[in-house]
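Please keep the sequence and the structure in view while reading.

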Amino acid sequence: MKIPPADHACLSTSELTDFAAIEVGRSYGCHRLELSESLVDAWCSVYGICREGSRMPVGMTSVISIRSFMALIPFRPPGGIHASQRFVIRELPSIGEVLHTTLVCARKAERGGRLWVDLEMQSAGQDGRPLFHGTHVALWAR
Amino acid sequence: MEYHSHGLEVTQEAVALYAEVTDDFNPIHLDPDFAMKTAMGGVIAHGTLSLGLVWDVLSRVPGFDGAHAALDIRFVRPVRLGNTVRAGARATESGGLEVWVENERGELVIAGSATVRPGEQQ
């Protein structure tokens, strides 16, 4: 299944973002994503379910979060993994809506020989109303 | 009261499709040779692929309206190709929910907590 490109990073870095280059407190910009029917259908097919209603399935909050991370910090050392995730949801967007997600590095630390990076994300609807926010904790690859 | 999701068999096809959906083509999920050389010792599924099942199980909790919810989880064990994962949720005395995902051997792969408060701002 082909997912049409609908992402646009308003500001992103073009250089390799290794752990040393990550700046705590820095905003990595805003990611624009059109929540297309085809993207929702593709997500549903992963779980063997059918699209229902006019709102984004709540499980797709992860998709919005990961896509913004991939678009705004595109050049990372390969092999990093996701350690933990927090989401707070106020409202789910409508399918077809354009979402804007901002990404800020909240903290980074080296502990236990691992490189921890906390990324805070906030997603808003096309009219700017807040939808959901969360923290993606990554173990950065060396 | 305890709730359970359906089971999801984590196949190479599912992981490849999830990579397209998320635009996350990290080779640790897709390239066996690369993944073998990492601390994971082989290909692992995207953590949020299993996390989707937690939202599925929360949708079975009375009062869940698709929003006004909070979730806080840790990925505690990698999910491998061929695993079948299933999520669960259990009400706690404090009024929240304990949530988890386990593999076919009953091993935890995700652990955490959630709150579902219809109509309330989190």
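Which residues line the largest cavity? In this predicted model, the lining is made up of A:Ile64, A:Ser65, A:Phe87, A:Thr101, A:Met121, A:Gln122, A:Ser123, A:Phe132, A:His133 and A:Gly134. Two or more of the lining residues come from each of helix H2 (61–72), strand S5 (114–124) and strand S6 (130–140) of chain A.

**Cavity**

- The structure contains one cavity of 30 Å³ or more.
- The volume of the largest cavity is about 50 Å³.

**Fold of chain B**

- Four helices and six strands are found in chain B.
- Their order along the sequence of chain B is β-β-α-α-α-α-β-β-β-β.
- The C-alpha trace of chain B extends over about 45 × 30 × 25 Å along its principal axes.

**Packing of chain B**

- Of the 122 residues in chain B, 48% are buried.
- Taking the contacts in chain B between residues at least 6 apart in sequence, 62% link residues at least 24 apart.

**Surface and charge of chain B**

- Chain B carries 9 positive and 17 negative charges.
- A distance of 6 Å separates the mean position of the positive charges of chain B from that of the negative charges.

Methods
Residues numbered from 1 in each chain as written. Chains lettered and ligands numbered in written order. Predicted model: local features only at pLDDT ≥ 70, side-chain atom pairs only at ≥ 80, totals over all residues. Heavy atoms only, no water. Buried < 20%, exposed > 50% of the residue type's maximum accessible area, 1.4 Å probe, protein only. Contact = heavy atoms within 4.5 Å. Lys, Arg positive; Asp, Glu negative; His and termini not counted. Charge placed at Lys NZ, Arg CZ, Asp CG, Glu CD. 1 Å grid on protein atoms, 1.4 Å probe; cavity = no way out; pocket = protein on both sides within 12 Å on 5 of 7 lines; lining within 4 Å. Points joined across faces, edges and corners; volume = space filled by probe spheres on them.
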